[in-house]
Amino acid sequence: MRIIWKQSALQSLIKLDVWREENGWPGIAEHLVEIIELYFYKQDVSVFLPGRGVSIKGMPVHMRMTLIRPGKSDPYKVFYRYNQDAIEIFLIRHPYQKSLL
């Protein structure tokens, strides 16, 4: 299974680290990339597609959102789309971050 990180996902990771630093927390982007990739590598999408369908204005259709918890912290929202041979990651958000775009 290939995992494709879209530019919007990389930008959302940068914004996430900026938001975390503004709140006095250390950056987590690199760790989240590892956790998210490991999560999707372990999934058998032929049996079950994790998360639920979502619709976000200005984003591609057929997106899904799943919650991924890195350790004991709050779960992060991962917005992705599944194609036959790849997972495309579009956005990563902390539940307390403000608007998506």
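The model is predicted, so local features need pLDDT of at least 70 and side-chain atom pairs count only at pLDDT 80 or more, while totals for chains, interfaces and linings use all residues. Residues are numbered from 1 along each chain as its sequence is written, and side-chain values use heavy atoms, with hydrogens and water left out.

**Confidence**

- The mean pLDDT (the predictor's confidence in each residue, from 0 to 100) of the protein chain is 88, and 96% of its residues reach 70 or more.
- Confidence is lowest in strand β2 (residues 52–54), with a mean of 88, and highest in strand β1 (residues 2–5), with 94.
- Where pLDDT is low, predicted coordinates should not be read in detail.

**Overall fold**

- The protein chain has two helices and five strands; helices (H or I, at least four residues) and strands (E, at least two) are DSSP runs, numbered from the N terminus.
- Along the sequence, these elements follow the pattern β-α-α-β-β-β-β.
- The radius of gyration is 13 Å, close to the 13 Å that the globule rule gives for 101 residues, so the protein chain is as compact as a globular protein of that length. This radius is taken over C-alpha atoms, and the globule rule is 2.2 Å times the number of residues to the power 0.38.
- The C-alpha trace spans about 40 × 30 × 20 Å along its principal axes.
- Of the 101 residues, 41% count as buried; buried means under 20% relative accessible area, exposed over 50%, and partly exposed in between, with a 1.4 Å probe and protein chains only.
- Contact means heavy atoms within 4.5 Å. Among contacts between residues at least 6 apart in sequence, 48% join residues at least 24 apart.

**Strand pairing**

- Two strands pair if DSSP finds at least two bridges between them.
- Strands β3 (residues 63–68) and β4 (residues 76–83) run antiparallel and are joined by five bridges. Isoleucine 68 has tyrosine 76 in β4 as its bridge partner.
- Strand β4 also runs antiparallel to β5 (residues 86–93), with seven bridges between them. Here phenylalanine 79 stands opposite leucine 91 in β5.
- The hairpin that joins β4 to β5 passes through two residues.
- Strand β5 pairs with β1 in the parallel sense over four bridges. One of the residues involved is arginine 2, whose bridge partner in β5 is alanine 86.
- Eight of the eight residues of β5 are buried, so this strand is largely enclosed by the rest of the structure.

**Aromatic rings**

- Rings of Phe, Tyr and Trp (its six-membered ring) pair if their centres lie within 6.5 Å; planes under 30 degrees apart count as stacked, over 60 as edge-to-face and the rest as tilted.
- By this rule there are three aromatic pairs. One of them is the edge-to-face pair of tyrosine 39 and phenylalanine 40, at 5.2 Å centre to centre and 80° between the planes.
- Tyrosine 39 is partly exposed, with a relative accessible area of 23%, whereas phenylalanine 40 is buried, at 1%.
- Tyr39, Phe40 and Tyr80 are linked into a cluster by ring pairs.

**Leucine 49**

- Leucine 49 lies in the loop between α2 (29–42) and β2.
- Its relative accessibility is 26%, so leucine 49 counts as partly exposed.
- Apart from neighbours within four places in sequence, leucine 49 is in contact with Arg64, Tyr80 and Tyr82.
- Leucine 49 and threonine 66 are 17 residues apart in sequence and 9.6 Å apart in space, C-alpha to C-alpha.
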